[in-house]
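Here are a few notes to read alongside the model on your screen. Take the points one at a time, and find each residue before moving on.

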Amino acid sequence: MDLYSGYINKLIDELAALPGIGNKSAQRLAFHIIGMSSARVNRLAETIRNAKEHVTFCKVCQNLTDEEICPICRNPSRDNSVIMVVENPRDLAAYERTGRYNGLYHVLHGAISPMLGVGPGDIRLKELLERLRGEEVREVIIATNSSLEGETTAMYISKLVKPTGIKVTRIASGVPVGGDLENIDEVTLLRALEGRTEL
Ligand code: ZN
């Protein structure tokens, strides 16, 4: 039975299709949006459109940014001889929140998963290797998640990078198995970083 009008149902469906939003939350959000002033709804719609139109990938680290090179890569006080490889921008944000990592990043936008048909060519690995050729890097810290996909990706990267002579390390497994970095507290993240081991 359709409880609501087609428009509301459509809105609920769109919201429910977003990650982490179940049907109940989608309903709550939909009713909230309907109750908002037209000006606020327009601003929200415009903000979403603008973000989609202008946000692109940093040419260096592949993080999301609306400039050619992101503020982290542009920051001259960061140590550009260390690159931390993460799966997604949320993981980068998690390490940035610790405020204690001063190197650069590389965002893969995924992890290798033979089961899901995600191969090395489907994540931003080529960009990492190009970077390593061009820059004076002394250490690559692999901070992919400790899931099967994250470990597979870490091994793959290690095999590619080690022959170049650059030191390759892996964050310690203080990070729970299968745990997403973004959900882990800062103390644990720092401990994992400090306890990293050479691969
Ligand atoms: Zn960048």
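1. Let's start with one residue and its surroundings. Setting aside neighbours within four places in sequence, Glu139 is in contact with Ser81, Val82, Ile83, Ile166, Lys167, Thr169 and Arg196. Glu139 itself belongs to strand 5, which runs over residues 139-142. Is Glu139 buried or exposed? Its relative accessible area is 4%, so Glu139 counts as buried; the cut-off for that word is under 20%. Please keep in mind that this is a predicted model.

2. Now step back to the chain as a whole. Its secondary structure comes to 8 helices and 7 strands. Taken along the principal axes, the C-alpha atoms fill a box of roughly 65 × 35 × 35 Å. Of the 199 residues in the chain, 39% are buried. Looking at contacts between residues at least 6 apart in sequence, you will find that 57% join residues at least 24 apart.

3. Which residues supply its protein donors? They are Cys58, Cys61, Cys70 and Cys73, each through its SG atom, lying 2.3 Å from the zinc ion. The angles among the 4 donor atoms run from 105 to 115°, and the site is tetrahedral. Along the sequence, the donor residues follow the spacing C-x2-C-x8-C-x2-C. Cys58 sits in the loop between strand 1 (56-57) and strand 2 (64-65), while Cys70 sits in the loop between strand 2 and helix 4 (71-74), so this pair ties together parts that are 12 residues apart in sequence. Both Cys58 and Cys70 are buried.

4. Stay in this region for a moment and look at Gln62. Where is Gln62 placed? You will find Gln62 in the loop between strand 1 and strand 2. With a relative accessible area of 5%, Gln62 is buried. As background, most residues other than glycine have a negative phi.

5. His109 gives you another positive phi to check. Its value is near 60°, again in a residue other than glycine. His109 lies in the loop between strand 4 (103-107) and helix 6 (125-134). Its relative accessible area is 25%, so His109 is described as partly exposed.

6. Which residues of helix 1 are buried? They are Ile8, Asn9, Ile12 and Leu15. These residues cover an arc of only 130° around the axis, which means that they are on the same side of helix 1. The face turned away from that buried side carries the exposed residues Gly6, Tyr7, Lys10, Asp13 and Glu14. As for the buried residues, they pack against helix 2 (23-35).

7. Helix 7 (residues 148-161) is where you will find Glu149. At 26% relative accessibility, Glu149 counts as partly exposed. Leaving out neighbours within four places in sequence, Glu149 is in contact with Ala111, Ile112 and Ser113.

8. One last stop is the ring of Phe57. Arg124 lies over the face of Phe57, at 3.9 Å from the ring centre. If you also go looking for aromatic pairs, the count comes to 1.

Methods:
Residues numbered from 1 in each chain as written. Predicted model: local features only at pLDDT ≥ 70, side-chain atom pairs only at ≥ 80, totals over all residues. Heavy atoms only, no water. Donors = N, O, S within 2.8 Å, 3.2 Å for Na, K, Ca; no water. Tetrahedral: all angles 85-135°; square planar, octahedral: opposite > 155°, others 65-115°. Helix = DSSP H or I, 4+ residues; strand = E, 2+ residues; numbered from the N terminus. Buried < 20%, exposed > 50% of the residue type's maximum accessible area, 1.4 Å probe, protein only. Phe/Tyr/Trp six-rings, centres within 6.5 Å; stacked < 30°, edge-to-face > 60°. Lys NZ or Arg CZ within 6 Å of the ring centre and 35° of its normal. Arc of directions from axis to C-beta. Contact = heavy atoms within 4.5 Å.
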